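Trainee: Could you walk me through reading a few features of a model? I would like the general idea each time, and then the case at hand.

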Amino acid sequence: MNYRIRKIYSEIMLGLCVFSFILGVFFLFWILGDLFIKGLSSLNLSLFIELPKPPGIPGGGVANAIVGTLLLSIIAGIIGIPIGILAGVYIVEYGNNRLAWWTRFISEVLSGIPTIIIGVFVYILIVISMKRFSALAGGVALSIIMIPIITKATEESLKMVPNSVREASYALGAPKWRTIIKVVLPSGSSGIVTGIMSAFARIMGETAPLLFTSLNSSFWSLRLDQPIASLTVTIYNYATSPYKEWQNIAWASSFILAMIVLLLNILAKYYARRKTHF
Amino acid sequence: MRKNIGERIFKNLTLLSSLIIILVMGAIFYELLIASIPSIKRFGWRFLIETIWDPVIEHFSALPSIYGTIITSIIALILGFPISIGIAIFISEICPYYLKQPLSFIIELLGAIPSIIYGMWGLFTLAPIIQIKIGPFLNKYLGFLPFFQGYPMGVGFLTAGIVLAIMIIPTISSISREIISAVPKEQREGALALGMTQWEMIWKVVLGNAKSGIFAGGILGLGRALGETMAVTMVIGNSPKISLSLFSPGYTISSTIANEFTEAVGKLHLSSLIELALILFFITFFTIALTRYFIIKRIEKR
Amino acid sequence: MQEEKHIFKEEKNLEKLRTENLNAWFSSLQILKNINISIKKNTLTAIIGPSGCGKTTLLRCFNRLHELTPGARIEGKVFLEDLNIYDNNLDPVLIRRRIGMVFQRPNLFYNMNIYENVISGYILNKRKISKEELDNIVEKSLRLAGIWDEVKDRLKNHPSELSGGQQQRVCIARALAVEPEVLLMDEPTSALDPISTYKIEDTIKTLKDHVTIIIVTHNMQQAARISDEIIFMYMGEVIEVGRTSEIFTNPKKKLTEDYITGRFG
């Protein structure tokens, strides 16, 4: 092949790579643009303060679903954050053994298990034994999704903490556990906080694990042993309904959800970029 | 020895957390297996090879769902994989240095969008376009292939595949980008010094070096496509059919579960749905284990 | 060797640290071979030797840091006055509170400000002390480390604002703040520029009255400048021990002479 042809071929292939990128960005803007146009046009105040209404009756909101999503995330956080961080600590600080290897491996696999399976699992584990759908079950399902994300983030940020810092603490007579709590974890905190924020962004957008754990509800509820509404399940139910006004509410709710999730992601990114000293 | 007590408590708490993770994994497998027993007893191996999924006559088999899962994932990979690699090459090899971070963040945003929103977009925006524009077009020019025969309804395998393709782009491209960036500079310079064009350098040297890593990324993307639920459920049409036509509505494993689980009245129906979940569990477990194998292999090569 | 032992016996009341048949390994590799040395109270002892001779490992055996490295193993005894620090019933944590350490590179805690770093020994051990006392400890320790004037107006600042030399002196202050009986220094100036090195050497010399110092250094001039006693190590063994002036003017072993005259190392 002579050089001219090779050169042209090279340019074409590079052009295709540029095109791929443009295509990716095109889809991103298409999806987000759609969301903005259809979501913003249906957005109104009653969405944030009113309860759902039957189809045909104007108005109605998803206030209970917003609160529900927050409550579910809080439950998941209460369970998931400590377990995730502690498991990460075990892997890095105590784990010179097979168990640490297995924890890391299983945690990685767990993070790739389809979330609908986690929903089925929690249904069998909690919903069947409690004999009812509940916010607790939804929160537990979300916490199982959260744990591997936080474990991974903790593991990676603790590995970045130089060993000399630990030794400095030991040399001052600090026991290992106080070294970890007072020096190692705070030193790795920005990475862990980033991980926690991404984990929240992730679980707030989850639908599948909630479908048959926390189910849905048209009422105000903060009770852990009762079904509870969530933004995502509400969107799903409304979007797949035949009523135009419900579909519009689904769009507006999607917009709210996307804003929360993207904001959390951008915050996480910003937090991760903050100056780390190592 | 007060200090020792603190040490012991803290260490055991971390140990306990590790065990919880492993226990949850074991429990998922165990519970799914136990709950599938009625279905396994009733249908045996036929569950995997028969084509009827009918709650009314209480006859269940997984093939339509497995078929849909595989078809949609294949479409997603065919469309999404090359684009992902192209994006990875663009970001790591072509775009100026100061744009690398922001541009990869934009692509990562694709991965941050909740799947329910992909579903909304797929259902209300993409499906009509498939039905009115793309479907008839493909039918007209490629209608001689079995894949593009029949009347496009908007929802179906093709729509689900396209949505999945977009969803797996961030997964594959971010892993590929990391691996491509890790190829040493000397290798590139060596190739260019031999008189290779930039593309030849990328193709032969960079991708040659990054092969197994990119493959691992592809499998991870596949894993995501296999298990994705909401977006697919909203655009696949939800009907247990096996059809070569990509315009046809169908089912995937996850969409069957999402669609029927709360409405499953019969014990056998529920048990069959849980067996489906068990199958999906095996499939994803296998793909992730495979990915790890390739990543480990890549590390060993270093 | 016989002669040195004799000298030490005479001054037994002044002995601070002593090892008895100390051996140390990294997995199967023996790093220290049968070390028997004695270190006098309120002296400045320098451990010298070519890299890889085990001098840092020896130092890290004195505060039981060596055993924290995966695969590390130790046999033998180390006495801090009359206490065997490798006694099975002894929590190593308690030893480390009596024996402080300064490392090769400044390793201040970046999650604490300068003030908190100096009192981190108290924070980490949960010792409750009044604010006034803490202020006093901070000032006293920073003065001892010769850096009070440079940092007194920015105690609440982040340690990364200090230069490497300043950070290292805050590290010294941090170690001194808990009033250790022995201070171990592992090549404390190897990462620093000559001016910082000079300042730190100056500081170290003034510390002798407060604390017994053992310093590892690969810099023979430094050892000559600041130390009272020299321990020369080679291939995991102690070759020669003696007063600094004697070692440098009249080494008894050929190996020592070769090393200090720069024929190897």
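Trainee: How many bridges join strand β1 of chain C to strand β3 of chain C?

Mentor: A word on the ground rules before we count. This is a predicted model, in which local features need pLDDT of at least 70 and side-chain atom pairs count only at pLDDT 80 or more, while totals for chains, interfaces and linings use all residues. Residues are numbered from 1 along each chain as its sequence is written, chains are lettered from A and ligands numbered from 1 in the order in which they are written, and side-chain values use heavy atoms, with hydrogens and water left out.

Mentor: Now the general idea: strands (E, at least two residues) and helices (H or I, at least four) are DSSP runs, numbered from the N terminus. Two strands pair if DSSP finds at least two bridges between them. Here, β1 (residues 15-26) and β3 (residues 38-40) of chain C run antiparallel and are joined by 3 bridges. Within that pairing, C:L17 sits opposite C:I39 of β3(C).

Trainee: Which residue is the bridge partner of C:F26 in β5(C)?

Mentor: That partner is C:A72. The pairing of β1(C) with β5 (residues 72-80) of chain C is antiparallel and spans 8 bridges. β1(C) also pairs with β2 (residues 29-35) of chain C, again in the antiparallel sense, over 4 bridges. There, C:W25 has C:Q30 in β2(C) as its bridge partner.

Trainee: Which residue takes a positive phi in the hairpin of β1(C) and β2(C)?

Mentor: Look at C:S27, with phi near 45 degrees; this hairpin has 2 residues between the strands. Another positive phi in chain C belongs to C:R64, near 60 degrees, and this residue follows α2(C).

Trainee: Let's stay with that helix. How many residues of α2 of chain C are buried?

Mentor: Burial is read from relative accessible area: buried means under 20%, exposed over 50%, and partly exposed in between (1.4 Å probe, protein chains only). Helix α2 (residues 55-62) of chain C is mostly covered, with 7 of its 8 residues buried. Among them are C:K55, C:R60 and C:F62.

Trainee: And C:R60, what does its side chain meet in a salt bridge?

Mentor: In general, a salt bridge puts a side-chain nitrogen of Lys or Arg within 4 Å of a carboxyl oxygen of Asp or Glu. In this case the partner of C:R60 is A:E167, at 2.4 Å from N to O. The count between chain A and chain C is 1 salt bridge. On the chain A side that touches chain C, α7 (163-171) and α8 (176-187) are the elements giving two or more residues, and α7(A) gives the most, with 7 residues.

Trainee: How many residues of chain A and of chain C are in contact?

Mentor: Contact means heavy atoms within 4.5 Å. By that rule, 21 residues of chain A touch 28 residues of chain C. Buried area is the accessible area (1.4 Å probe) that two parts lose on being put together, summed over both. For chain A and chain C it is about 1900 Å², with carbon and sulfur atoms giving 64%.

Trainee: What are the corresponding values for chain A and chain B?

Mentor: This contact takes 82 residues from chain A and 78 residues from chain B. The buried area is about 7200 Å², of which carbon and sulfur atoms give 82%. The rule finds 2 salt bridges across this interface. One of the pairs is B:E200 with A:R6, whose closest N and O atoms are 2.9 Å apart.

Trainee: Is C:S120 buried or exposed?

Mentor: C:S120 counts as buried because its relative accessible area is 0%. This serine is found in helix α5 (residues 120-124) of chain C. Not counting residues up to four places away in sequence, C:S120 touches A:L172, C:F109, C:M112 and C:R174.
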